[in-house]
Amino acid sequence: MEHNLKDIDVRFPLGALVVVTGVSGSGKSSLVGDILYPALFRRLNDSGNLPGAFRGLSGNLDRISRVEYVDQNPIGKSSRSNAVTYLKVYDDIRKLLSAQQYARINGFGPSHFSFNQDGGRCPECQGEGIVTVEMQFMSDVTMVCDACRGKRFKQEILEVRYRGMNVDDILNMSVDEAIAFFSEGEEEYARSIARRLQPLVDVGLGYIRLGQSSSTLSGGESQRIKLAYFLSMSGESGRSPREKIMFIFDEPTTGLHFHDVEKLLKAFDVLLAKGHSLVVVEHNPDVIRSADWVIDLGPDAGDAGGRVVFEGTPEDLKKKGGTYTAECL
C-alpha cells in the first residue's frame, strides 16, 4: 500500500544521528529511500531518479555536499569481489608480496597477485578457484578447480611468501587474524595494512575471511563493509575536511549480535565526529536510544501508517508514550 507521505512534514537536525522508527509497513523506507534520498541526490547533483511525491526540501542544505545511501546490495557483481578489494586494501597486499625477494627475482609485479588479471592467476578457473560444469538437462555443477586446487593462482605465484604466508594463506585469514599478522611485520607498509583493515573490526566484521567472495556475504554484512569503506576514507589524506555527507542506512543492525551493535554505534560516532549526518531506518532499541532525534511513523501499518506520530529526542518519546516504539523503549 502506497502511503500519502507528501502530506506530512518531517524536520530533523543535521550533524546528528536521526533514527526513523515505526512498525513494519508504516512508511519508513518509503520516506527515506523513495523520497528523501532521491530528492536530495537530485538537489545536489542535478540528476538521478525521480523521487516520490513531496512538497519540497528546505533548511541548511548548503551544509551537505554529498548524500550516500548505504544499502544491503552486494559489494560487487563478480564472485572475485571481496571485502579487501572493496576497501582497496588488497592493492597494498599485492604490492607487499611483489616486494619480496623471490617475486623481484622472477619479475612478479603487483598485477601477478591479482585474480582479475592474466599473468599470475590460474588460467583454468580465471582466478575463481572453482569451475562450473554446464549440464544439459540438470543444474550446473560447481567444483573446485583441479589445476590450482582452489588456490586461484599459479604454483610459481604461491611460492612467493611474506613471513611464511603466500597469497592464498593471506586471503584465507580472518580480518582479526590478518590484523595481528600484519601488525607484527617489521615494515611500516605492513602495519599500515593492519590499520586499514581495522574499520572492518569496528563494524563487527572481524570474523570474515579476507578473500571471502561477496556472493557469500549477507545483505547486512555487505552494508557494513560499505560503512567500513567510508570509515577508512574519513581519515584519508587528500580528502576535503569540509566535505559533509549525509549517510542513509536501512536497518544496518540486521543479523548483528548485541555486542556488535555497540561497535556499529561507535562507528557512527566516528562519522558524526567528522561533522557528517546520519539518517537510519531502524527497529533496534539500542540504536533508537542512542539517537539524537527520533522520527516515529505510524500509528500502524498500511492504510493506518504514513503519519508522523512523534518527532523529538528518545527521552521525550519515552515520556510521551502512546506508540509501539515508546513501549519498546
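Tutor: The protein chain exposes about 16,500 Å², of which carbon and sulfur atoms supply 47%, with areas taken by the Shrake-Rupley method with a 1.4 Å probe and, for residues, only the protein chains shown counting as cover. This is a predicted model, in which local features need pLDDT of at least 70, side-chain atom pairs count only at pLDDT 80 or more, and totals for chains, interfaces and linings use all residues. Residues are numbered from 1 along each chain as its sequence is written, and side-chain values use heavy atoms, without hydrogens and water.

Of the 329 residues, 46% count as buried, that is, under 20% relative accessible area with a 1.4 Å probe, protein chains only. A search of the whole structure finds one cavity of 30 Å³ or more, where a cavity is a set of points on a 1 Å grid over the protein atoms alone at which a 1.4 Å probe fits but cannot get out, and lining residues have an atom within 4 Å of a point. The volume of the largest cavity is about 40 Å³, counted as the space filled by probe spheres set on the points, which are joined across faces, edges and corners.

Its lining consists of Gly22, Val23, Asp296, Leu297, Gly298, Pro299, Val309, Thr323, Tyr324 and Thr325. Strand β7 (293-298) and helix α13 (324-328) each supply at least two of the lining residues, and β7 gives the largest share, three residues; these elements are DSSP runs numbered from the N terminus, helices being H or I of at least four residues and strands E of at least two.

Technical notes: Buried means under 20% relative accessible area, exposed over 50%, partly exposed in between (1.4 Å probe, protein chains only). On a 1 Å grid over the protein atoms alone, a cavity is a set of points where a 1.4 Å probe fits but cannot get out, and a pocket is an open set with protein on both sides within 12 Å along at least five of seven lines; lining residues have an atom within 4 Å of a point.
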